[in-house]
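I opened this entry to record what I looked up, one item at a time. Notes follow in the order in which I checked things.

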Amino acid sequence: MKNLFIPNAQPRQSVFLTMVACQGLVLLVLWLLYPLKLFPTLGEVLTAFQDLVRTQGLIQELWASLVTAIQAVGIATVLALFISYLTALPFFRPLAYAATKLRYLTLTGLTFFMALMLSSGHQVKLSVLVFGATVYFVTGMTSVILTTTQEEMDHARTLGMSEWRSFFEVIVLGKLDDMLEVVRQNFAIIWTMITLVETLYQSEGGIGLLLYKQNRYLHLAGVVSIQLVILAVGALQDYLFVLLRRVFFPYSSLSTAR
């Protein structure tokens, strides 16, 4: 147990899992016994969850939002990779630089122009999510590309590779695991935006619209219940990305400090 309080220690997995379970139990007890009663009780949240599933289609709304989120992150990833890889050519570097700065824009106002350019609510919703995610993806992916060392490029050149082949081997193939990590870290942005976007474009429903309705009528137990569902989906999503990284890029953890 003392390893838990030593910097950089590596406790046994059983000890670590026990610690996580204890911390979760402490949080649960604090929730149950919190004196100010600021949050709904656990019983109220569970009752609200059952009601949301049975009468308000929580699972169907969650599935609709999940499909939209996956579509958005797929398109945003392709766009961000394309823009980021273009930084290899000096002519396109201003484009990537400008894309990274667009993350400071708020979505207010932009949705109006997208609504004028696109014909359906789904296209507008998807476009807003893709825009919001792409600018963050480009920022993360260009940072990954900039971590390429001179030694890595020189090593490829000494093997007789051309500049394009060196770029492909060192940056495109050699950084795929880091790119996957960037997607994992920024996927959460989709979930933070989707509740706003689904509130603006309500024709297709979604868990964001369901959350908005619960919040509007001060059904706090329902709000907490939906937030916990989103949190669970996000945690599962993170785990799947980590699993994919371990399966397809097992070498990526070799350089991690132990």
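I started with the surroundings of T68. Leaving out residues up to four places away in sequence, T68 touches H122, K125, L126, L129 and I194. The model is predicted, so I read every value here as computed from that model. I then placed T68 on the chain and found it in helix α3. Buried or exposed? I looked up T68. Its relative accessibility is 5%, and T68 therefore counts as buried, the cut-off being under 20%.

Next I took the overall picture. I counted 11 helices and zero strands in the protein. Along the sequence I read the pattern α-α-α-α-α-α-α-α-α-α-α. The C-alpha atoms fill a box of roughly 65 × 60 × 30 Å along the principal axes. Of the 258 residues, 37% count as buried. I also checked contacts between residues at least 6 apart in sequence, and 71% of them join residues at least 24 apart.

Helix pair α3 and α9. Packed helices are described by the angle between their axes and the distance between the axes, and I noted both. The axes of α3 and α9 (residues 176–200) come within 9 Å and cross at roughly 135°. That angle makes α3 oblique to α9. The crossing in which α3 passes α9 is right-handed. On the α3 side I listed L62, S65, L66, T68, A69, A72, V73, T77, L81 and Y85 as making the contact. On the α9 side I listed L176, M179, V183, F187, I190, W191, I194 and E198. T68 from my opening note is in this contact, and I194 is one of the residues that T68 touches. Sorted by class, the contact of α3 with α9 has 14 nonpolar, three polar and one charged residues.

Helix pair α9 and α10. At what angle do the axes of α9 and α10 cross? I found roughly 70°, with the axes coming within 7 Å. The two helices are therefore roughly perpendicular to each other. From α9 the contact takes W191, T195, E198 and T199, and from α10 it takes I207, G208, L209, L211 and Y212. The classes are five nonpolar, three polar and one charged. W191 and E198 of α9 are listed in this contact and also in the contact with α3.

Helix α4, residues 93–101. I looked up which residues of α4 are buried and got A96, A99 and T100. They lie on the same side of α4, because they cover an arc of only 100° around the axis. Residues three or four places apart in an α-helix point the same way, since there are 3.6 residues a turn. The buried residues of α4 pack against α3 (58–85) and α6 (121–146). The face turned away from the buried side carries the exposed residues P94 and Y97.

T111. I found T111 in helix α5 (residues 110–117). T111 is buried, with a relative accessible area of 13%. Apart from neighbours within four places in sequence, T111 is in contact with V124, V128, L200 and Y201. For T111 and V124 I noted a C-alpha to C-alpha distance of 7.3 Å, at 13 residues apart in sequence.

L218. My last item was a backbone angle. L218 is not a glycine, yet has a positive phi of about 55°. L218 sits in the loop between α10 (207–216) and α11 (220–248). With a relative accessible area of 65%, L218 is exposed.

Conventions. Residues are numbered from 1 along each chain as its sequence is written. This is a predicted model: local features need pLDDT of at least 70, side-chain atom pairs count only at pLDDT 80 or more; totals for chains, interfaces and linings use all residues. Side-chain values use heavy atoms; hydrogens and water are left out. Buried means under 20% relative accessible area, exposed over 50%, partly exposed in between (1.4 Å probe, protein chains only). Helices (H or I, at least four residues) and strands (E, at least two) are DSSP runs, numbered from the N terminus. The arc is that of the directions from the helix axis to the C-beta atoms. Contact means heavy atoms within 4.5 Å. Axes are lines fitted to C-alpha atoms, for helices over the stretch in contact, and angles run from 0 to 180 degrees between N-to-C directions. Angles under 35 degrees count as roughly parallel, over 145 as roughly antiparallel, 65 to 115 as roughly perpendicular and the rest as oblique. A crossing is left-handed if the near helix is turned anticlockwise from the far one by less than a right angle, and right-handed if clockwise. Ala, Val, Leu, Ile, Met, Phe, Trp, Tyr, Cys and Pro count as nonpolar, Asp, Glu, Lys and Arg as charged, and the others, Gly among them, as polar.
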